[in-house]
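Subject: Two-chain model for you

Hi,

Here is the model you asked about. Have a look, then read my notes below.

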Amino acid sequence: MQMPVQKIRVVAGTPIVVGERRLLPSVLVTTVEGGNASDGGFFRFVKARPVSMVVEEPDGARWLEIPNTTENTLSQMAAAGAAIALVSVLLMALLHLVRKR
Amino acid sequence: MDELKAMLEKIGSIGDEINVDAVFGKPQTVGDRVLIPVAEIAYGFGAGLGTGGPGECCCAESDDEEACCGVDEDETEACCEHDEGCECECHDEGAGSGGGGGAGGRARPIAYIEVGPDGTKVEPIMDEQKIALAGMLLGAWAIAWVGMVLVTLFHAITGRE
């Protein structure tokens, strides 16, 4: 059985032309695959996330980031949760110390 | 079985054909603006097949109780090649093969690109349901920790008294 392999690559998309503007998108593609069809089984998981877009306008090119607001907010909430736990543990340890004295 | 394997290999190569067009949708004109939907896509699939219970061949003379049995027919027949009247019998009962597979995918809008007379801008889309659920979880998590700290504080105070 082949071990799962993870591949991460940035893929440039087909340019989108809107009037005088030309948009060049790029996508982050994460692939996890394992097994082999000839060995009896395999699996593949693919996730494609837009990363950025280069906008070519008559007055020059601009780079636009495409943020994943939901994921960023969830990460911040997870960090807040970890901070709450850490501060609480420190406070409890401090209180135990005070109680012993 | 070879056809099945070839089919599985073909299914396995579908992921190579992923293109960015699946992430950036078709531009839509709304008034004097053009909106391009942007989504995050994910999909996965798996398949497996197998065979089991290969048939067994037994070679023996009819009055001989000690039979020579094995999975490989040629190998089994070789054990009685010098004995005349030795007969081989092969059984395929129990032999079989099977396969199965599954696939799933999802697409979630994360933003839209607005191209208008005043320029090009990215407008993010927030999954409010997910945020609300995570917020409730975070609230419960915070209450639990604060509760534990208060209990410890209470014990510290009463312990001193």
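Some ground rules. This is a predicted model, where local features need pLDDT of at least 70, side-chain atom pairs count only at pLDDT 80 or more, and totals for chains, interfaces and linings use all residues. Residues are numbered from 1 along each chain as its sequence is written, chains are lettered from A and ligands numbered from 1 in the order in which they are written, and side-chain values use heavy atoms, leaving out hydrogens and water.

The interface

The rule does find eleven residue pairs in polar contact between chain B and chain A, both residues at pLDDT 80 or more. A polar contact is a pair of N or O atoms within 3.5 Å; within protein, one must be able to donate a hydrogen and the other to accept it, and residues adjacent in sequence count only if both atoms are side-chain atoms.

Helix 3 (128-160) of chain B is one of the elements that give two or more residues to the side touching chain A. Helix 3 gives the largest share of that side, 15 residues. Helices (H or I, at least four residues) and strands (E, at least two) are DSSP runs, numbered from the N terminus. The chain B side divides into 37 nonpolar, twelve polar and nine charged residues. Ala, Val, Leu, Ile, Met, Phe, Trp, Tyr, Cys and Pro count as nonpolar, Asp, Glu, Lys and Arg as charged, and the others, Gly among them, as polar.

The contact (heavy atoms within 4.5 Å) takes 58 residues from chain B and 54 from chain A. About 4,500 Å² is buried between the chains, 71% of it from carbon and sulfur atoms. Buried area is the accessible area (1.4 Å probe) that two parts lose on being put together, summed over both.

Strand 4 (residues 41-57) of chain A runs antiparallel to strand 2 of chain B over eight bridges. Pairing takes at least two DSSP bridges. A:Phe45 has B:Gly44 as its bridge partner.

The chains

Chain A has one helix and five strands, in the order β-β-β-β-β-α. Chain B has three helices and seven strands. Its pattern is α-β-β-β-β-α-β-β-β-α.

Best wishes
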